Amino acid sequence: MKIFCIGRNYADHARELGNAVPEEPVIFMKPKNALLQSHMPFYYPEFTNELHYECELVLRVSKNGKYIQEKTANRYYDAITTGIDFTARDIQSELKKKGLPWEKAKSWDNSAVIGRWVPLTEIKDPNDISFSFQKNRQLVQQGNSRDMIHDFALIVSHISQYFSINIGDLIFTGTPAGVGEVVVGDELEAFMGDQSLLKLEVK
């Protein structure tokens, strides 16, 4: 199982971090150990002093593929959920200053959290999915798939030009503006529409 992640896929988020808006999907990956197993607690990692949440829509790959065309890309995923791409922002900032890879900031154990899956058949329009994120019951992020720079079809197609995708792979599709810090004791909740799909306490 592989975890693909798309960076800077919402223009407002790219701007809030001072990054250029990309012309093609920015791909990075997390190993399978990055996925927090269901019903397991999430612990604040010891190596960072600035842990940030990034709420995203996540696709579940349901078919093996390579060199997929955009017009058929929707055949390769069968469910969507909300997820959190946790980022050690202090470490990422230092790595970026040195021109080094981000893995230590993005790909550590349990840095990827996903919620309950919603079958694609239950979603009216994948290009119009609203989602939101609350910290301690306060709204901190909201987005809609229609505002993505690169839509699901392009993301799946683009990834498949470089990597085979396989059943069970996950694709984190990018986060909107509003990312921020969490501390021990924070309660996090992610919604798709009005459905709560993910709840988490930082321990």
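**A Guided Reading of the Predicted Model**

In this predicted model, glutamine 134 stands opposite leucine 139, a residue of strand 10. Strand 10 pairs with strand 9, which covers residues 130–135, and the two run in the antiparallel sense over six bridges. In the loop between strand 9 and strand 10 lies asparagine 136. The phi angle of asparagine 136 is near 55°, a positive value in a residue other than glycine. Such a value deserves attention, because most residues other than glycine have a negative phi. With a relative accessibility of 34%, asparagine 136 counts as partly exposed.

Four strands form an open sheet, in the order 10-9-13-14, with antiparallel pairing. Strand 10 (138–144) and strand 14 (195–201) stand at the edges; each has a single partner strand, so one side of each is left without a neighbour in the sheet. On average, neighbouring strands of this sheet are turned by 15° against each other, direction ignored.

Arginine 8 lies in the loop between strand 1 (3–7) and helix 1 (11–16). Its relative accessibility is 23%, so arginine 8 counts as partly exposed.

Attention may now turn to charged residues. Side chains of opposite charge can pair when their charged atoms come close. The structure holds ten salt bridges. One of them joins the side chains of lysine 30 and aspartate 85, with a distance of 2.9 Å from N to O. Lysine 30 belongs to strand 2 (residues 26–30) and aspartate 85 to strand 5 (residues 77–85), so this pair ties together parts that are 55 residues apart in sequence. Both lysine 30 and aspartate 85 are buried.

Another salt bridge links arginine 89 with glutamate 54, whose closest N and O atoms are 2.7 Å apart. Because arginine 89 lies in helix 2 (residues 89–97) and glutamate 54 in the loop between strand 3 (51–53) and strand 4 (55–61), the pair ties together parts that are 35 residues apart in sequence. Arginine 89 counts as buried at 7% relative accessibility, and glutamate 54 is buried with a relative accessible area of 3%.

Aspartate 85 also forms a salt bridge with lysine 106, the closest N and O atoms being 2.7 Å apart. This pair links distant parts of the chain, as aspartate 85 is in strand 5 and lysine 106 is in helix 3 (residues 103–106), 21 residues apart. Lysine 106 is buried, with a relative accessible area of 3%. Salt bridges that share partners join Lys30, Glu54, Asp85, Arg89 and Lys106 into one network.

Serine 160 provides an example of a polar contact. This residue has its place in helix 4 (residues 152–162), and at 0% relative accessibility it counts as buried. The side chain of serine 160 reaches the backbone nitrogen of isoleucine 68 at 2.8 Å. Apart from neighbours within four places in sequence, serine 160 is in contact with Lys66, Tyr67 and Ile68.

The cysteines complete this reading. A search of the whole structure finds zero disulfides. For cysteine 5, the nearest cysteine sulfur is that of cysteine 55, 13 Å away. Cysteine 5 counts as buried at 1% relative accessibility, and cysteine 55 counts as buried at 1%.

How values were computed
Residues are numbered from 1 along each chain as its sequence is written. This is a predicted model: local features need pLDDT of at least 70, side-chain atom pairs count only at pLDDT 80 or more; totals for chains, interfaces and linings use all residues. Side-chain values use heavy atoms; hydrogens and water are left out. Two strands pair if DSSP finds at least two bridges between them. Axes are lines fitted to C-alpha atoms, for helices over the stretch in contact, and angles run from 0 to 180 degrees between N-to-C directions. Buried means under 20% relative accessible area, exposed over 50%, partly exposed in between (1.4 Å probe, protein chains only). A polar contact is a pair of N or O atoms within 3.5 Å; within protein, one must be able to donate a hydrogen and the other to accept it, and residues adjacent in sequence count only if both atoms are side-chain atoms. Contact means heavy atoms within 4.5 Å. A disulfide is a pair of cysteine sulfur atoms within 2.5 Å. A salt bridge is a side-chain nitrogen of Lys or Arg within 4 Å of a carboxyl oxygen of Asp or Glu.
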